[in-house]
Amino acid sequence: MREKTVLKENKKRKKQIGLGGFDIIFFIIVLSLTTIGLIMMFSSSYTYAYYKRGDSFYFLKRQLFFVVIGIIIMFGVSTVDYRKLKNFASLLLIVSYVLLVVVLIVPPPAGYEEFHRWIRLPLVGTFQPSEIAKFAIILFFSYHMDKFYRHNNGLVKHNSKDNIVNIGSINMARMSFNKFLYILILLSTCALIYAENHVSGALLVFAIGFFMLYLAGFRNWQFVAVLILFLLLVMAVIIKPEILPGHASPRIKAWLDKDYSPMKYRWQTNNALYAIASGGFFGKGIGNSTQKHLYVSEPQNDFIFSIVCEELGLIGGTLIIGLFIALLLRGLYIANRSRDRFGTFLCLGIVFQISIQAALNIGVVTDMLPNTGISLPFFSYGGTAMIMLLAELGIVLSISRSSRIRKF
């Protein structure tokens, strides 16, 4: 009788991993952000593209290509059982390490000699290994945390009184080793990204890893201790910005001192604030931004949210923030109803990565944080980032297929 029940359950789960049955609400949120992001990327970029490339549609055509590829990959990934990703967790982490080393060796693109962030490939163009590293951290931590969940949380099942101490000691040793391994992987990845002169990328990966460490079973006092150390490091940077690389320390000074080099290090931030302020409540309308006419440097990239606020106003900007919050909440809902820990950890890591990246970008654009160079998901121009983003969201859709949620 029990075997029949198990077989029925397995058949149900196989049916759910197929062409239908993913969470339509999450999909609509993703599609909405992708569509609005593509429209606003074109509206923000066509002036800059005309002056710099001689073609107003230059960035739109390339970004549209990446979006189409990304959506195809998203649908493809959503039909694959996400549990199969466990087989590639260690391999992807090793590949990300190799790419992070290679990017330090190959010559950087012209005009970016100080920044070893990109690898150029024929036909594809450039891509950032740090984008792959972010997902590699999430995937490996999710796989390893699920595999050693009992050890990580100090749980052990004893068969007799005689082996309580022995098994408990082994469990504690494994728990300590796992946590040391997580910290080692996280810090080494951050160090390699930092070596690229990519401070913002290193901070983002650290934030993702920090969140995953909490899921790994770090006790509250351990979590607080790491947080305090991080805050002390932030205070040290604020007090003495010179400890950062040459391109980063002036940005900290410009953030603290609003009069510091306004024609250089505060030019982009000041013009972004002008754009946000001039948009008012209802905005100037799509395509009517003034600041995108070579005032906000490369408006299709990190500071695109300022153009969004200028053209769509406070109401439009708030609605877009609301969509990001909806993405986070729906992702948490899917994760909470996943049928296994691996799906829960993986879903939580992905939606947290997108949410913290969006929050940091908006914080920079509104001058609440120093200029760090973090892009806005769905909106900022970038092929690698867009394809990786949609592929990761395809994994969330795959998780939703077997989650205990209502399908529409």
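Reader: Which residue forms a salt bridge with D23, and how far apart are the closest N and O atoms?
Author: D23 pairs with R330, and the closest N and O atoms are 2.7 Å apart. A salt bridge here is a side-chain nitrogen of Lys or Arg within 4 Å of a carboxyl oxygen of Asp or Glu. The model is predicted, so local features need pLDDT of at least 70, side-chain atom pairs count only at pLDDT 80 or more, and totals for chains, interfaces and linings use all residues. Residues are numbered from 1 along each chain as its sequence is written, and side-chain values use heavy atoms, with hydrogens and water left out.

Reader: Where in the chain are D23 and R330?
Author: D23 is in the loop between α1 (2-16) and α2 (24-53), and R330 is in helix α12. They are 307 residues apart, so the pair links distant parts of the chain. Helices (H or I, at least four residues) are DSSP runs, numbered from the N terminus.

Reader: Is D23 buried or exposed?
Author: D23 is buried, because its relative accessible area is 0%. R330 counts as buried too, at 15%. Buried means under 20% relative accessible area, exposed over 50%, and partly exposed in between (1.4 Å probe, protein chains only).

Reader: How many salt bridges does the count come to?
Author: The count comes to 11. One of them joins E131 and K134, with the closest N and O atoms 3.1 Å apart. Both residues lie in helix α5 (residues 129-147), 3 residues apart, about one turn of the helix. E131 is buried at 10%, and K134 is buried at 4%.

Reader: New topic. Which residues have the most contacts inside the largest nonpolar core?
Author: They are F141, F324, L346, F378, F379 and L393, in a core of 88 residues. A nonpolar core is a set of buried Ala, Val, Leu, Ile, Met, Phe, Trp, Tyr and Cys residues joined through side-chain atoms within 4.5 Å.

Reader: What is F378 in contact with?
Author: Leaving aside neighbours within four places in sequence, the partners of F378 include V30, L33, F324, I354 and L393. Contact means heavy atoms within 4.5 Å.

Definitions and conventions: Helices (H or I, at least four residues) and strands (E, at least two) are DSSP runs, numbered from the N terminus.
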